[in-house]
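Hi,

Here is the structure I promised to pass on. Have a look at it first, then read my notes below.

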Amino acid sequence: MRKFLKRFYLAIVLFFLYVPIAVLIILSFNAGKSRAKWEGFSLTWYAQLFSDKAIMNALYVTITIAVLAAIFATILGTLAAIGIHAMKKRPQALMMTLTNIPMTMPDIVTGVSLMLLFLFTKVERGYVTMLLAHITFDTPYVILSVMPKLKQMNKHSYEAALDLGATPIYALFHVILPEIMPGVITGAMLAFTLSLDDFTISYFTTSPLVQNLSTLIYSQARKGIKPTMNALSALMFVALLILLLIVNRRSNKAVDKN
Amino acid sequence: MSEEPRMIHLENISKEYNGVTVLSDINLYIRKKEFVTLLGPSGCGKTTTLRIIGGFEYPSTGRVVFDGKDITTLPPYKRRVNTVFQKYALFPHLNVQDNIAFGLKIKKMSRGEISRRVDKMLDLVNLNGYGKRSVESLSGGQQQRIAIARALVNEPEVLLLDEPLGALDLKLRKEMQLELKSMQQRLGITFLYVTHDQEEALTMSDTIVVMNAGHILQIGTPKKIYDEPKSAFVARFIGESNIIRGTMVRDELVHFSDMDFACVDSGFGENVPVDVVIRPEDLMIVGEDIGQLTGVVKSVLFKGVHYEMMIDTGDFTWKVHSTTMQPAGSRVGLSVVPFNIHIMRPTKEDSAK
Amino acid sequence: MMDLHLPAWAIWVMLAGLAVFIVMFIIILRRNHGVKRSMFSTPYALWMIIFTIIPCLLVAYYAFTDANGKFTLDNFISFWDSNHEMNKELANLGFDPAAMGFTRGMVNISTLVYSLWMAFLCTVICLLIGYPAALFMAERDFKLGATLVTLFIIPMWMNFLLRTIAWMSLLEDNGLINTLLVSLGFSRVQLMYNNSAVLLGMVYNFLPFMVFPIYNSISKQDYRLTEAAMDLGAGRMLTFIRVTFPLSLPGVVSGITMVFMPAVTTFFIPRMLGGGNTEMFGDLIERTFLTANNWNLGSALSLIMMVLILLSLGLLRKVDPEGEGGSMI
């Protein structure tokens, strides 16, 4: 009985979390535009989706920014983590504080401060500024994913490589990187999803001419979201779900191997 | 050993970290084919010395000379030495074979040559057929052997070993000690070995360098260091010993425990305070009436080959090793021959309590 | 393909910066002192100075200056008294604002107080719902626990604006819930455009941030501790109160941090679910910058927000010095 109550409780909480998502997905198959009435099953919104220029543009911006920001942040963050890890205590603490600032700052303050930077330097806001902002908030997450792997590493691994004749760059690519790879991948994925989902910071660092999906939804929110948007988000949700399954499958395999 | 040429020479090496001196004025040379052990408690600077030779740290002052060339600031990958690290530092993402081949691949050796040499090394460390195994699937002892193979395959002129047996259990450690020693003699490579285990040092080394607090206290053969420790610290660190405050009355006569004892040391001056060191096995238990000292047996412990007894003579409790047991509470006499009384000047940092 | 919209000098600066990075990198790798890996973090340090430190300094600069770039504390006074600027204008024109009935304006302060209150409520509700959920999932004999935690993450992948809008289609006057009620013979209920709707949206969005850290800190505990407590005669309840709960406190603290911080600055949710009736501090900052176009006041509000967050973080760090249980994924 006690067990049943616990499971029941969890089921209710999860139900609460999934209701809006289920509603979104169901509405994407609704033949009508109504948000409340079921007017029959149809795939019209999915068909229309690919001819909706605004949505397709926003999708392009969202995905390219997420990919580019994840790549840049992963390179910048991985190098930084390796460097910070090798530092002495004082500078290390300083760098970690620097890393924690953007993570503790509310998104809106980060967005506003970056907007001020671009306004102050008279850099017109658009694609590039949004990309720069995304790299900025992604990188600390990469560092925090890579750091634990570096700490787990035998602290003499790098020295062992040099001892066996490896130059620092050879040791970096053949010893350090392979060992911290799981952390680098986690960091890259985290950066990608954070960037994909960001609204607040993008909103302040782009212009109305360059929209990602979030800012597009925001601009449409008052007029009412088109069901095509529901169709798109249902598709993206499924895509991410599949991605998660693949990653899990792979990491499970890796665990089995050992 | 003295006929072999000098391989490594450390000249006036000092090392500071943030104003803390960890090595001060180290002078040491290592000859070809010699087995040298740096021995000392943790924090004495032995590992730092090794790391300076390996090229992982640079000395604050002084020079490292290798085969007549100054290599003080040469990076590790350009030095003809290899290291066996504490806890091995095997690369977990590579299998046994690739770990051993790591250095050879960097040298762009042909594939056939690499696999020939790897097999030869696996043979040397008795791990034939383990090439494809993942290093994490190996036991501590096996990982240890792979770490040694990985270093030796590069045919270094000097092999540096940083407490390589520290993580192994006692039985395995004894086996590996003998194996390492025979390997060193067979291959004719210079070994520089770091340990805090005095027994390990005594078993394996040609030369022992005793260090403490960044200084070298004594350099010598194991026998010389055991029999003639230069200071109370060395005596206490190497083997077990009784150390008591005494006064040198004059040459060859020392006073301690309210008694005058004949000894063989001289040159200390007259009525000078000294430390007196007597090894537990050098104290003989004799009849109460004929002993130089008399005392009560406080405790008895069986140590396998001998008994260890703590004998209280009123002003001092002596540790005595003997093959015959005296029951606790009995009164016994103790005597010691002059040759076994070691006199040393008390030093500030390591005077006896 | 796309217009960069950058002035020429910005492109030159970026290219020069890139060149400096590359040259530095090559120098570092060529140097004999190859052991100095710490230099690898130089590009990141420069990046953070340009895109985090300088922007923060800019916020401070704007907060302490007026539109002409002169030092002033007016922005902070305006925060305290939102009629300050207007009253000053009136006084300049020779009127007495007090006599005209214009007193202190409470808009900014009351928005802040309202935001803090809503964030507090949201945190408490998340804790009350989230703690039991985390506890049940972390039970050792519950095999599905780890999978269920993933189920808590997945909803966050749906765009949060869309999820909030989905709540609108549930709560609207013609929404699903009301349609259901009507078809069952009840009368319509006004579900949207009030505090409860805003709170619902916030709890919905931030609940997972409460669940993960608590789940982490409970599932990390050595199960033998509870066995030891029971062995020593403590019942289920006492074991929980004396052992499990105190040990999960670091997780609770970081959960509170991770919910409260973003909740105070929530933006969008109140606008959608609260209609025009409610405004939170995040919306106020946004409106001040983009609608009122007052960068100086907006910066002052941001600065106040930042200081508040830093202060409360400092307080929390004292409770949870290791910051453990903070890892989300």
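Helices (H or I, at least four residues) and strands (E, at least two) are DSSP runs, numbered from the N terminus. Keep in mind that this is a predicted model, where local features need pLDDT of at least 70, side-chain atom pairs count only at pLDDT 80 or more, and totals for chains, interfaces and linings use all residues. Residues are numbered from 1 along each chain as its sequence is written, while chains are lettered from A and ligands numbered from 1 in the order in which they are written.

**Chains A and C**

Helix 1 of chain A packs against helix 5 (residues 107-137) of chain C at an angle of about 125 degrees, and the axes are 10 Å apart. By class, that is eight nonpolar, no polar and one charged; Ala, Val, Leu, Ile, Met, Phe, Trp, Tyr, Cys and Pro count as nonpolar, Asp, Glu, Lys and Arg as charged, and the others, Gly among them, as polar.

Taken over the chains, the contact involves 69 residues of chain A and 71 residues of chain C. Helix 1 of chain A gives the largest share of chain A's side, 12 residues. That side has 50 nonpolar, 13 polar and six charged residues.

**Chains A and B**

Here 16 residues of chain A touch 21 residues of chain B. Helix 7 of chain A gives the most to chain A's side, with five residues. The classes on that side are seven nonpolar, six polar and three charged.

**Chain B itself**

An automatic or database domain assignment gives chain B domain 1 (6-227) and domain 2 (241-344). Their C-alpha centres lie 40 Å apart.

As for pLDDT (the predictor's confidence in each residue, from 0 to 100), chain B averages 86, and 97% of its residues score at least 70. Residues 349-353 of chain B stay under 50. Where pLDDT is low, the predicted coordinates should not be read in detail.

Cheers

Technical notes. Two residues are in contact if their C-beta atoms, placed from the backbone, lie within 7 Å. Axes are lines fitted to C-alpha atoms, for helices over the stretch in contact, and angles run from 0 to 180 degrees between N-to-C directions.
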